Structure formats: C-alpha cells, structure tokens
Amino acid sequence: MGHIRPLLGKEFLDLARNKTTLVPVAIVTVLSLTLPFGIAIAIPAITGHALGEDSDLVRVSQIASAAPSLSDDGRIQLFLFQQFLMMFLITPVTGAMALASHAIVGEKQARTLEPLLATPLGTFELLTAKVLGALLPTMTISGMGLALYLGGIAIFAAPGVGGAMASMRTLLLVALVSPASALVSLQAAILISSRVNDARTAQQFGVLIIIPLAGLMVAQFSGSIWLSSAALAAIGIGLLIAWLVLTFVSVALFDRETILTRWR
Amino acid sequence: MISARHLTRRFGARTAVDDVTFDVGRSEIVALLGPNGAGKTTTLRMLAGLIAPTSGSVAIGGVQLTRATGPSLRMQIGFLTEAPGLWDRLTVRENLRVYAGLYGLADAEVRIDRVLELFAIAERGTARTAELSKGTRQKVALARTLLHDPTILLLDEPTSGLDPEVTRSVRMLLEQRRAAGCSILVSTHNLDEAERLADRVAVLDERLVAIDDPAALRARLTTGRTIIRVAGDPSAYVAAVRSIVGPAVDVAIERSTLALQLAHPDRQTPALVAALVAAGAQVLEVRAEMPALEDVYVHLMSAAGDEA
C-alpha cells in the first residue's frame, strides 16, 4: 500500500503540468452551476413569469418531498435544484474519464510502464493509484462547484429552499453516491485501459459508462422516479460493492505480460 | 548472483527463448549478445520477473523468483529498460523521487543527489525530462536504475545511441558497480562494448549459442597463423622465412605483413625473428593471428543457423 502515495504524487504533478486535461470537468461544473440557476432563478426573473404559473412544473414538483411551508415557486425550485444535483454525479465521471482511459495504455505508449513494473509496485497499488489520481482532482473541482451551488441556492433561491436542500438525500447524493459512482466508472475505465492497446479505444468504451448515470438523471427529470434517501443509500452501497468487485476483477485481469510483450 | 536454468519462453507458436541456462556471478559483467529478435529483452524481462518463463527457473541470490518473491527480489534488481521511460512533464528530480518512493527509500534526496552527481547531471535536476538530450535521458534512466543500490543490474542496451563520451562514462560506471560486488547482465549489439566491458559474453539466438570470456571465444576461431609485420616490402624476406619453416609452408604476403602457419610456434618464432633480422628486416610486430570478436560472432551465428 505504501507504493500508492508516490505514484499518486506523480499523477498529481503530471496533471498540474497538463491542466488542459481538467478543462472538460471545469466546463461540466460551470454548466452544472449555470443551467439550474438560469432555469430556476434567471429566466423567471427575466420573463416575469413565476415558475408556479406552469401547471406541469407544479404537478411534477409534487414528487419532491418538500416542506409544506414552501410556496409553489419554492417547491419547484427545490425540485429543480434537487434534479440538477444529479449533474454533480456526472461531473467527476466525465472529467476523469479521459484521465482514467489513458491511465495504463498511456503509460505503455509513453514507455514508462515497464520501468514502473520493474519496481516492487503491486498491480493493486498501480491500479488504485491510477483510479485515485483521476478521481481526487475531479472530485475536488466538482466539490468546489457543489459548494458554489449550495451557496448560490442559499442566496438566490426562494426562502426555505436552501434549508430544504440541506437534507439527508443531498448528503447521500453528494457524499456517497457521487464518489461511489465515480469510483465504479473510473475503475471500469482503468480496467478497459488495461485491456485495450489504444487510448482512443479505451476512451470510446469509457464513455459508455456514463449512459446509465445519464439515464437515471433523465428518469428523475421526467418525474418517472424519485430516489428517496433509502434508495440512494442502497444505490451508494451497491456502487461501493460494485467498485470492490471491479477492483478485484481489474487486478485479476491485469495481464502485465501481454501489456509488455504484445502492445506497441 | 543471477542463476537462469533452462529458461524457455514461448509466445503462442513462436519460441522467443529456448532452454537457456547461465549464471552471472558476484562482481561479474556478462554481455548478452545477439541479433534483433534473438530473445535478449525477453531473457532480461524474465530475469527481472516481469514476465514468467514458459518453463525453467530464475534464482536471485539463491532465492527462486516467483510471483510471491517477485516484489521483494525486485528491491535487489536495477532494470534498465530499452527505452528510458521517463515522465516527460516531470523534472529529473521528480522522476527520481517517485522511484525513491516506490523503493521506500528513507534518504531519497541524499540518494538522488548522489546518483545525479555520479552521472554529472546534478545541474539538470530541475529540468523537465522532455527537454533533455537522448544521452542525458539515458543517464537519468541509469541513475534511476542505481537509485536503490541494487546488487543485480539488468541493462537492456544501456549505451544504445549514446555518443562515445557518454558511452565511456557508462562503461566506467559499470566497472565501478562490478568492483562493488554487483552482478551485471548487459544486453548489447555492440561487439566492441561487449569485448571491452564483459568478463564473459553470452551469444544468444533464441538459445544460448556460446558463453565464455571474450578471449576464449576468439580462440575458438583462431587460425593458428603467425603474423609478422616488417618495415618495407615484406616479399624481400620470404627467402629468410623459408629458410626456417621449409619450402612447403605457404607464406602469404598481406600488405606489410607475412602470414604463415607454424607447426611449432613457440620454438620456431624466435628462430624466424632471428633469421629476419639477419636478413636486414626491421621487425615491427610478431603476433598470433586472433580473430575479432565480430568474426567469432558471425561464425557462431552462422553455425547456429546451420544447425537450426
């Protein structure tokens, strides 16, 4: 385990010298911030039409378990802000996907993998450092975005919305489901990266991982499902178990011989 | 000490290394010589525990190299890969610092200073490796290989593409490591380097064609001819030579030399020199004809090809 830290340090240094890699996550974070405030606050203010005037929004927002003291506008804002919170599930995944996809195949192509494997570094340590190296920077950016998001809600949203957002549901989404889904996605990307010999192929496969998350988001937006705190906790735990299984599978399938001798 | 026993490695139907057995002793440099695709890199990778042999075994310091012992044995091994394998966006020091961490070195900075000074690249410590020349990159890779004071050095073409000055400094360094007790296996295409550096040369062409010290390898192809170099026209002294060796012996004139096969070199050579001097010749050199290592190598490889 002691070998993870130096390799992780290398990942951060490398990233610090190649900041453009983080541009996608920054863009998604900015979109995650501007879209909800644009829809829930700015557009009604500009057009002069309150959110509560839209009967469909009023109906759909009923599924959000809002405090009875909230106005129609407040409840719809709460519903929208809760929905857009799901964007922060995708943010670290999209941002880190490029990093994770390149993790192993990138080292191989740069011919830096072989000297690395000649050290006492174990496969589990290598793969864990790669996952964390992709996850932590993007989670940091995503976390900063989230802080701005919650701060913005407290300042700009209708009275009571900020307080209603500070719920167990939000906590579970932010502290459990988001990092767990990112871990699963990135571990899968690392697994793919160690099984294909071309970074583009790894990235193509990696992007597929976003589909179930996007599906979940769309389902919530359409009002088809509303994930309760219990459901989110179960999803979070399920994702963590999936991550552990994927980690085990990644280590088992990491074929250093093929990587060294067949990849060009 | 490195001990390889009956190492065989197949990739599908292709055999890369076939039943190779050799040892590299303490304070010994063995050069692994062979054409492209002869299995040199595969052999080094098996010895470093990066790939497993299809059959056969490797022992490092008497301990069998296995999946379980690999990580601890790799602490004793310094493996220089064919490409320097440096992270381009990191500086020289940062590259070395990562490896110091991977080897768990407590005194990382001291060791980094030491290896950088060893290769005279201390002033390049803060340079990004992408900015370095090929020679300097190779020095950094070598510095990384020596960072943890390994007792086993496995070096894949360490001087490939380097200028003569850097090559010389690498050679000197390896001699120092040998004196310090390291077991060193160097793969190379460079026959001159093998001859200058190695205590023994292993000629590999999928299987081990020969392993011996360079002089012994050359002796395998010794013609037994004696070469006498004289000042002036050598044909003027053929009669003097024949007076000693008799008319039946073929005396070849090759530029400024006389070349002939002596039945009893130890006894006949002094008489031959005396006769030449008496005939007025200025004898510049008398030596037994020895083939170059290159000739031996070509001979061994063609013999190996014929057998196959």
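Student: How many cavities of 30 Å³ or more does a search of the whole structure find?
Tutor: The search finds 2 of them. Keep in mind that this is a predicted model.

Student: How much space lies in the largest cavity?
Tutor: About 70 Å³.

Student: And which residues line the largest cavity?
Tutor: From chain A there are A:P115, A:A118 and A:T119. From chain B the lining takes in B:I77, B:G78, B:F79, B:Y99, B:Y103, B:R144, B:T145 and B:H148.

Student: Which element supplies the largest share of that lining?
Tutor: That is β6(B), with 3 residues. Both β6 (77-80) and α5 (134-146) of chain B supply at least two residues each.

Student: How does the lining of the largest cavity divide into nonpolar, polar and charged?
Tutor: There are 6 nonpolar residues, 4 polar ones and 1 charged one.

Student: OK, the other one. What volume does the second largest cavity have, and what lines it?
Tutor: Its volume is about 40 Å³. The lining consists of A:L85, A:F88, A:L89, A:L146, A:L173, A:V174 and A:S178. By class, that is 6 nonpolar residues, 1 polar residue and no charged residues.

Student: Which helix gives the most to the lining of the second largest cavity?
Tutor: α9(A) does, with 3 residues. Helices α5 (87-109) and α9 (168-193) of chain A each contribute at least two.

Student: While we're on chain A, how many helices and strands does it have?
Tutor: Chain A has 13 helices and 0 strands. Of its 264 residues, 53% count as buried. Its C-alpha atoms fill a box of roughly 65 × 35 × 30 Å along the principal axes.

Student: What share of its contacts comes from residues 24 or more positions apart?
Tutor: For chain A, such pairs make up 84% of the contacts with a separation of 6 or more.

Student: Let's switch to chain B. Is strand β3 mostly covered or open?
Tutor: β3(B), residues 28-33, is mostly covered, with 6 of its 6 residues buried.

Student: Which residues point which way from β3(B)?
Tutor: B:E28, B:V30 and B:L32 point one way, while B:I29, B:A31 and B:L33 point the other, and all of them are buried. Side chains in a regular strand alternate between the two faces of the sheet.

Student: What does β3(B) pair with, and is that parallel or antiparallel?
Tutor: β3(B) is joined by 6 bridges to β8(B), residues 183-188, and the two run parallel. B:L33 has B:T188 as its bridge partner there. β3(B) also pairs with β9(B), residues 200-205, over 4 bridges in the parallel sense. In that pairing B:V30 stands opposite B:R200.

Student: What about B:A38, where is it found?
Tutor: B:A38 is in the loop between β3 and α1 of chain B. B:A38 is buried, with a relative accessible area of 0%.

Student: Which residues does B:A38 touch?
Tutor: Leaving out residues up to four places away in sequence, B:A38 touches B:A16, B:L204, B:D205 and B:E206.

Student: Now the sheet with β1 in it. What's the strand order?
Tutor: The order is β2-β1-β4-β5 in chain B, an open sheet of 4 strands with antiparallel pairing. β2 (14-24) and β5 (63-64) stand at the edges with a single partner strand each, so one side of each has no neighbour in the sheet.

Student: How many bridges join β1 to β4 there?
Tutor: In chain B, 5 bridges join β1 (residues 2-11) to β4 (residues 55-60). B:A4 has B:V58 as its bridge partner.

Student: And which strands does helix α1 lie across?
Tutor: α1(B), residues 40-47, lies across β1, β2 and β4 of chain B, at about 120 degrees to β1(B).

Student: Last topic: what's the order in the sheet with β12?
Tutor: That open sheet of 4 strands in chain B runs β12-β13-β11-β14, with antiparallel pairing. Its edge strands are β12 (251-254) and β14 (283-288), each pairing on one side only. The twist averages 20 degrees from one strand to the next.

Technical notes
Residues are numbered from 1 along each chain as its sequence is written. Chains are lettered from A and ligands numbered from 1 in the order in which they are written. This is a predicted model: local features need pLDDT of at least 70, side-chain atom pairs count only at pLDDT 80 or more; totals for chains, interfaces and linings use all residues. Side-chain values use heavy atoms; hydrogens and water are left out. Buried means under 20% relative accessible area, exposed over 50%, partly exposed in between (1.4 Å probe, protein chains only). Two strands pair if DSSP finds at least two bridges between them. Contact means heavy atoms within 4.5 Å. Axes are lines fitted to C-alpha atoms, for helices over the stretch in contact, and angles run from 0 to 180 degrees between N-to-C directions. On a 1 Å grid over the protein atoms alone, a cavity is a set of points where a 1.4 Å probe fits but cannot get out, and a pocket is an open set with protein on both sides within 12 Å along at least five of seven lines; lining residues have an atom within 4 Å of a point. Grid points are joined across faces, edges and corners, and a volume is the space filled by probe spheres set on the points. Ala, Val, Leu, Ile, Met, Phe, Trp, Tyr, Cys and Pro count as nonpolar, Asp, Glu, Lys and Arg as charged, and the others, Gly among them, as polar.
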